[in-house]
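Here are a few friendly notes to read with the model open beside you.

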Amino acid sequence: MITIGGLTLKNRLCLAPMAGVTTITVREFFSSLGAALTHTEMISCAGLIRDNAKTYDMMKVSEHEAPLVIQLFANDDKVLVSGAECVLKFGNKFSAFGINMACPMPKITRNGSGSALLKDSVKASRMVSGLKSLGLPVWVKIRRLDDDNNNTLRFIEALLRAGADNVCIHGRTPSQRYEGIADRSVIAESSKRFKGYISASGDVKTIEDINEYLSYGSIMVMLARGAISNPFLFEEFNGTYRTNESKLESLLKFSQRTLEVSGEHKAVVLLKRFAGSMLRYTEGSAELRRRAMMSGSLEELRNVLREGVMN
C-alpha cells in the first residue's frame with residue numbers, strides 16, 4: 001500500500017474521470033481489474049445546490065468500488081464549496097474532492113468552469129482552499145496552460161500552496177481539446193519540482209507509457225481513453241494476464257450489471273466502447289468490429305463478441 005494525495009492506495013494506476021463513461025458500473029468494472037482509484041463523472045455544483053435529481057443520481061456509489069474521488073465543477077469558490085457541502089450532507093461516501101480545471105468543451109468553459117479556470121490562478125487557489133476547509137483531500141485535474149511550461153508550473157505552485165493534495169496534469173492544452181499529442185515535458189518538469197504531488201494523464205495506451213510517466217517521478221498515472229481501448233491494461237500493469245475467454249466473461253458480466261442498473265441502451269453504448277479491444281486481433285476483425293458498432297441490441301452485440309473471441 002502507498003500514500004498518494006492523502007489516500008492509502010494499492011498501486012499507482014487509476015481510472016481518470018470521463019464524461020458519459022465513469023458511471024457506477026464502469027467504476028465497478030475497473031475496480032475489479034485493479035484500478036487503485038476511480039472518479040465520478042463531472043458533477044455540477046450548481047446542480048447540487050438546485051437539488052437537481054439527475055445530478056444527485058450521478059453520486060450513487062457501490063460497495064464494490066475502489067476508493068472514489070467525486071469530481072466537481074463550478075465557476076467560483078462559493079458555488080464550489082456550497083456544492084461540496086451538499087455532497088457531505090448526501091453522505092460521506094467519497095475519499096476525496098476533485099476539481100475539474102481541465103475540461104476544454106465550450107458547454108463547460110463558457111460560464112468560467114473547467115479549463116477556463118486556468119486563466120485565473122487566484123480564483124483557482126480560492127477554490128482549492130475552500131474545499132480543503134471541508135476536511136477531505138483535494139485533487140485537481142488541469143491541462144498544460146500553453147507552450148511555456150513555466151506558466152503551468154506557476155499555476156501548479158499556486159494550487160499546492162492553497163492546499164491541493166494532488167494535481168493531475170493532462171499534457172494537451174485546452175485549445176488542443178482531444179487532438180494532437182499530449183506533451184510529456186511539462187509532466188516531467190512538474191513531477192521533478194513538486195515531488196509526490198503530480199499525477200500524469202494523456203496518451204496512456206501501453207505499459208511502456210505508464211512506466212515512462214512513473215520514471216519522471218509522477219506519483220500516479222490516470223488512464224482515460226487508453227482504458228477504453230484496453231481495459232485490461234490495469235491487470236497487465238499489476239502482473240495479471242488472462243485468456244481472451246476470461247476477458248470476454250468479465251465484459252459480459254459488466255454488460256449484464258449495466259443492463260440491471262441503467263437499462264439496455266446504456267449497456268449497449270458502454271459495451272460498444274470496449275468491443276474494439278476484444279476484437280482487434282481476431283480473424284476478420286474489421287468486419288466483426290463493424291457488426292459490433294451496428295448492433296442494435298445487447299444480445300446481438302454479445303453474440304458478435306462471442307463469435308470473435310471463441311472462434
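The points below go through aromatic rings and the charges over them.

1. Before you start: this is a predicted model, where local features need pLDDT of at least 70, side-chain atom pairs count only at pLDDT 80 or more, and totals for chains, interfaces and linings use all residues. Residues are numbered from 1 along each chain as its sequence is written, and side-chain values use heavy atoms, leaving out hydrogens and water.

2. How many aromatic pairs does a search of the whole structure find? There are 9. Rings of Phe, Tyr and Trp (its six-membered ring) pair if their centres lie within 6.5 Å; planes under 30 degrees apart count as stacked, over 60 as edge-to-face and the rest as tilted.

3. Look at Phe29 and Phe232, an edge-to-face pair with 6.3 Å centre to centre and 90 degrees between the planes. Phe29 is in helix H1 (residues 24-33), while Phe232 is in the loop between helices H10 (225-229) and H11 (233-237), 203 residues apart. Both are buried (under 20% relative accessible area; exposed is over 50%, partly exposed in between, with a 1.4 Å probe and protein chains only). Phe29 and Phe232 also belong to one aromatic cluster with Phe30, Phe234, Phe254 and Phe274.

4. Next, find Tyr56 and Phe90: the ring centres are 5.8 Å apart and the planes at 50 degrees, so this pair is tilted. Tyr56 is buried, at 18% relative accessibility, whereas Phe90 is partly exposed at 31%.

5. Finally, a charge sits over a ring if NZ of Lys or CZ of Arg is within 6 Å of the ring centre and within 35 degrees of the ring normal. Arg143 lies over the face of Tyr178, 5.1 Å from the ring centre. The charged end of Arg184 sits over the ring of Tyr213, at 4.6 Å from its centre.

Technical notes:
Helix = DSSP H or I, 4+ residues; strand = E, 2+ residues; numbered from the N terminus.
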